[in-house]
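Welcome! Take a look at it first, and then read on.

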Amino acid sequence: MAGCHPEFMPVLIAAVQAIGDENYNLNNIGTTWGVLPFLLINGPITKQLGIESAGQLISKGPNPALGRALGLIIRNLAGYRPGKNYMGTFGYPLVFALAKMREKSVGAVSC
């Protein structure tokens, strides 16, 4: 599970289901500038699991483990391989995870 705790399993299952959806085309993102999928997680689970949404968010908390897990999922389960459907030539292929910023209540606004 790439360093993920067992309680992260619902997020990983959702990621596998999303990649397995017929409308998701992993082969279509293969390009020479290094595009890779990432996890954008929202809802109460972000707070429950401590998923980061602030500065340096891809390198602290559970975010890097979730990113590593997604990278392993796309390579080992989905078959996303360098030279086959990943044609990146620049940069380091880093798969990452982050949480949607938690919004603060600012009151009702009408236009």
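What percentage of the 111 residues of the protein chain count as buried? The figure is 32%. Please keep in mind that this is a predicted model.

**Overall layout**
- The protein chain holds three helices and two strands.
- Starting at the N terminus, these elements follow the order α-β-α-α-β.
- Among contacts in the protein chain with a separation of 6 or more, 80% are between residues 24 or more positions apart.

- In soluble globular proteins, nonpolar side chains tend to be buried together.
- Here, the largest nonpolar core has 24 residues, and C4, L39, I41, L66, L70 and I74 are those with the most contacts inside it.
- Two or more residues of this core come from each of α1, β1 (39–41), α3 (63–77) and β2 (97–99).
- The biggest contribution to this core is made by α3, with six residues.
- Setting aside neighbours within four places in sequence, I41 is in contact with V11, T46, I51, L66, A97, L98, A99 and K100.

**The surface**
- About 7400 Å² of the protein chain is accessible surface, and carbon and sulfur atoms account for 58% of that.
- A nonpolar patch on the surface is formed by M1, M9 and I13, which together have about 260 Å² of accessible area.
- Within this patch, M1 lies in the segment before α1 (9–20).
- M1 counts as partly exposed because its relative accessibility is 46%, and partly exposed covers the range between under 20% (buried) and over 50% (exposed).

Definitions and conventions:
Residues numbered from 1 in each chain as written. Predicted model: local features only at pLDDT ≥ 70, side-chain atom pairs only at ≥ 80, totals over all residues. Heavy atoms only, no water. Patch = residues over 30% accessible without salt bridge, like charges linked within 9 Å, V, L, I, M, F, W, Y side chains within 5 Å. Areas by Shrake-Rupley, 256 points an atom, 1.4 Å probe, with all protein chains shown as cover. Salt bridge = Lys/Arg side-chain N within 4 Å of Asp/Glu carboxyl O. Helix = DSSP H or I, 4+ residues; strand = E, 2+ residues; numbered from the N terminus. Buried < 20%, exposed > 50% of the residue type's maximum accessible area, 1.4 Å probe, protein only. Core = buried A, V, L, I, M, F, W, Y, C linked by side-chain atoms within 4.5 Å. Contact = heavy atoms within 4.5 Å.
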